[in-house]
Amino acid sequence: MAEALEIALLDSRDAAFPLRFRALEERRSVERAQLQERVAAIIDDVRARGDDAVLDAIERFDGYRLRPDELALEEAEIDAGISQLAREDLAALELAAERVRRFHSLHVPASWRHDAADERLGQLIRPIARAGIYVPGGVAPLASTTLMLGIPAEVAGVPERAMCSPGKVLHPAVVAAARLARVTRVYRVGGVQAIAALAYGTERIARVDKIVGPGTAHTQEAKRQVFGQVAIDSEAGPSEVFIVADANARADFVAADLLAQAEHDVLASVVLATPSAELAGAVRAEIARQLPALSREITARKSLADRSLLIVTRDLEEACALANRYGAEHLELVVADPERWLPRIECAGAIFVGAYSPVPIGDYAAGPSHVLPTGGTARFFSGIGVEDFQHRISLIDLSQAAFGRIAPAAARLARLEGLDAHARALEIRVCEPKEK
């Protein structure tokens, strides 16, 4: 007998709904105490012993021993890996790389200046010097993530772009993607030890200024702990999608899109919000029909049961309001008049509009990065872009006359705050002879 499908279907007016949806809003909550301790011990060891600690951790957690000179891949190894890739797979990677590079090249922030008669204000945009790109290993070769992280860093003008990924032999697709992304150095190291090495540097792994990329709970905890020593992107958690759909949406499409995220992880979260009870019921039936054909059925089934929901809403306005509360990594807007409803969406990592813009097309080849905020953090974080690899430097250039106009007010504010030396540094200039 087939196992029963356990994804819940609730009306937003049901008494049980507020509590169930609140649990989805709080999906990011995890127990971290023991995790923090374990991660801190590995980081401290890498800081103290460098490469030796990294190599010991690889042996302990990955089950093989590397020599120090094997930490970094040589160009010949990358060439050899790419040669093993099917021509069609390489062509697909090349198409994806071209689209990702084109997208990010469209909006590179630029320095700007405002010149008045006697003052100049502005911002200088400069790339960071060294970026650390973390690409997880595990169950899948994440060549797409390599492109989505490496290319924005290269477009931003970062001179050194180091990539870490676990594996004694990296998958040909990953090394091909690293070449297409123009990564400058590839290290075969993953986990907490990779994050620690990138943050603090070892004999063979250079310290970076910022670390970006998804990973396990241990890897994300490591990023939290090294923050301050280096910058990090938003913390990556389990995958998620929130779909707002009207009665005209195709149930088989919607079900397929929910399953595409549910198969990622038992902690993945997928939600449909629609005013159509008929669509919600049809999607539930389609999920049950499509699920047994998945190779990752067990994973998808658990995420559907534990962290997912089909919601019948009062109207599309309520569906959009729930989407904003959820703050999804991926938000699909499958409605007849998306331009009417797009302004109602206040936060999402990325919005996928219409039946032919599903999340998986964004995962691989649409152009924008698929490294997006999760766990509700789309309320205040954004997806990876060129600006994540740059920093802004304010420019202030005043003539003596311009200084004289604003210095008295600045000095008064300094004394208001009790900072006499600040005020005197201004007042000493006010007494200077006027420039001619």
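The model is a predicted one, in which local features need pLDDT of at least 70 and side-chain atom pairs count only at pLDDT 80 or more, while totals for chains, interfaces and linings use all residues. Residues are numbered from 1 along each chain as its sequence is written, and side-chain values use heavy atoms, with hydrogens and water left out.

The second largest pocket holds about 280 Å³ of space. A pocket here is an open set of points on a 1 Å grid over the protein atoms alone where a 1.4 Å probe fits, with protein on both sides within 12 Å along at least five of seven lines, and lining residues have an atom within 4 Å of a point. Its volume is the space filled by probe spheres set on the points. Of the 21 lining residues, Gly 349, Ala 350, Pro 368, Ser 369 and Leu 372 sit nearest the centre. Helices α5 (87-105) and α15 (359-364) and strand β13 (350-353) each give two or more residues to this lining; helices (H or I, at least four residues) and strands (E, at least two) are DSSP runs, numbered from the N terminus. By class, the lining has nine nonpolar, 10 polar and two charged residues, with Ala, Val, Leu, Ile, Met, Phe, Trp, Tyr, Cys and Pro taken as nonpolar, Asp, Glu, Lys and Arg as charged, and the others, Gly among them, as polar.

Turning to the helices, α4 (residues 75-83) packs against α7 (residues 172-180) at about 120°, with the axes 8 Å apart. Axes are lines fitted to C-alpha atoms over the stretch in contact, and angles run from 0 to 180 degrees between N-to-C directions. That makes α4 oblique to α7, since angles under 35 degrees count as roughly parallel, over 145 as roughly antiparallel, 65 to 115 as roughly perpendicular and the rest as oblique. In the contact (heavy atoms within 4.5 Å), α4 residues including Ile 78 and Ile 82 meet Pro 172, Val 175, Ala 176 and Arg 179 of α7.

Helices α1 (residues 17-25) and α13 (residues 316-326) pack at about 40°, with axes 9 Å apart.
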